[in-house]
Amino acid sequence: MDLSFFIGPLLGGIIGLITNGIAIRMLFRPLNAIKVFGLTLPFTPGLIPKEKPRIAKSLGDVVANNLLNEDVIKNGLLSPEMDDKITIAVNGLIAKKSTSDETLRELFYSFSGTERGALIITDVTNKVVGFSYERMVKMELGPLLSEIAVTEIVSNLQGSMFAMLINENLISSAKVKMAEIIERMVVEKGESILDNIFEKESTNLLDKRLCDLYLEYEDRIPEFVAWVISTYHQLIDKNIGVLIHALDLSKLVEDQINGYDVLTFEKMLLEIMRKELNAIVWLGGLLGCIMGLVMSFV
């Protein structure tokens, strides 16, 4: 048997393996430029160490513009699966706290911290009172309430000795005067009245035990969970663009990759592409073997 027939494919295969192996190795090595007589040798440093900043920027752009863009993140955060997870989490928390003697205020402070929680409650109170006061002033309650009040007074006076004193002019005058008084009271004292009412009601609510709240509102838990989901969707819809812009995923990924040293970056890439790179080496051997086989017939 003539073994010379196998020499060509064997040498071709070995050369293909070695050359592809060296080519892949030269992607990562050398780590630094090699200079001879002040001149930098070609292909030093390796392609990946040399192009690391550009690769980092390209990966950042790909992640931000394609893999994790606003639509992708928004669809993920607003998916039915996420709603199910939130529902399970909220129901789980409610079930866990349904027998607790802890107050609603204490629960809130456990998440926010005492000082920050108190500031949040005060801020929310001020905003609700301010909003309610503005709406109350714009409603022009004077004419409405005066109409109701004067009508009720006239109705109660019917059949009494004062009925003969009542006429349309008196009624109209009383309505105008009472409307002015009510409007003045709303402007001057409305905000403080609302503040006292809201302070009292919010204090009563916040100082209730969770077990008592559960018994009182058990039948409304599905409504509360639905409100949580709805509020979550509104927050995501309104703020996801601002959040992503502030986060700047492209720059975040770029800075993270640039923060790795070359060896760490190499290890990451090899973990991702080791199988494919090994396949390229063996493909080089196969092609070399085929070329050697072809040359044996030439």
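1. Helices H4 (80-97), H5 (104-112), H6 (114-138), H8 (168-206), H9 (210-217) and H10 (221-247) each give at least two residues to the lining of the largest pocket. Helices here are DSSP runs (H or I, at least four residues), numbered from the N terminus. A pocket is an open set of points on a 1 Å grid over the protein atoms alone, where a 1.4 Å probe fits, with protein on both sides within 12 Å along at least five of seven lines; lining residues have an atom within 4 Å of a point.

2. This is a predicted model, in which local features need pLDDT of at least 70 and side-chain atom pairs pLDDT 80 or more, while totals for chains, interfaces and linings use all residues. Residues are numbered from 1 along each chain as its sequence is written, and side-chain values use heavy atoms, without hydrogens and water.

3. The volume of the largest pocket is about 1,100 Å³, taken as the space filled by probe spheres set on the points. Its lining has 27 residues, with Leu-104, Leu-107, Leu-210, Leu-213 and Phe-224 nearest the centre. By type, 20 are nonpolar, three polar and four charged (Ala, Val, Leu, Ile, Met, Phe, Trp, Tyr, Cys and Pro count as nonpolar, Asp, Glu, Lys and Arg as charged, the others as polar).

4. The second largest pocket has a volume of about 210 Å³. Val-90, Phe-224, Trp-227, Val-228, Thr-231, Tyr-232 and Leu-235 line the second largest pocket, and H10 supplies six residues, the largest share. Six of the lining residues are nonpolar, one is polar and none is charged.

5. Arg-105, Phe-108, Tyr-109 and Ser-112 of H5 meet Thr-114, Arg-116, Gly-117, Ala-118, Ile-120 and Ile-121 of H6 (heavy atoms within 4.5 Å). The contact comprises five nonpolar, three polar and two charged residues.
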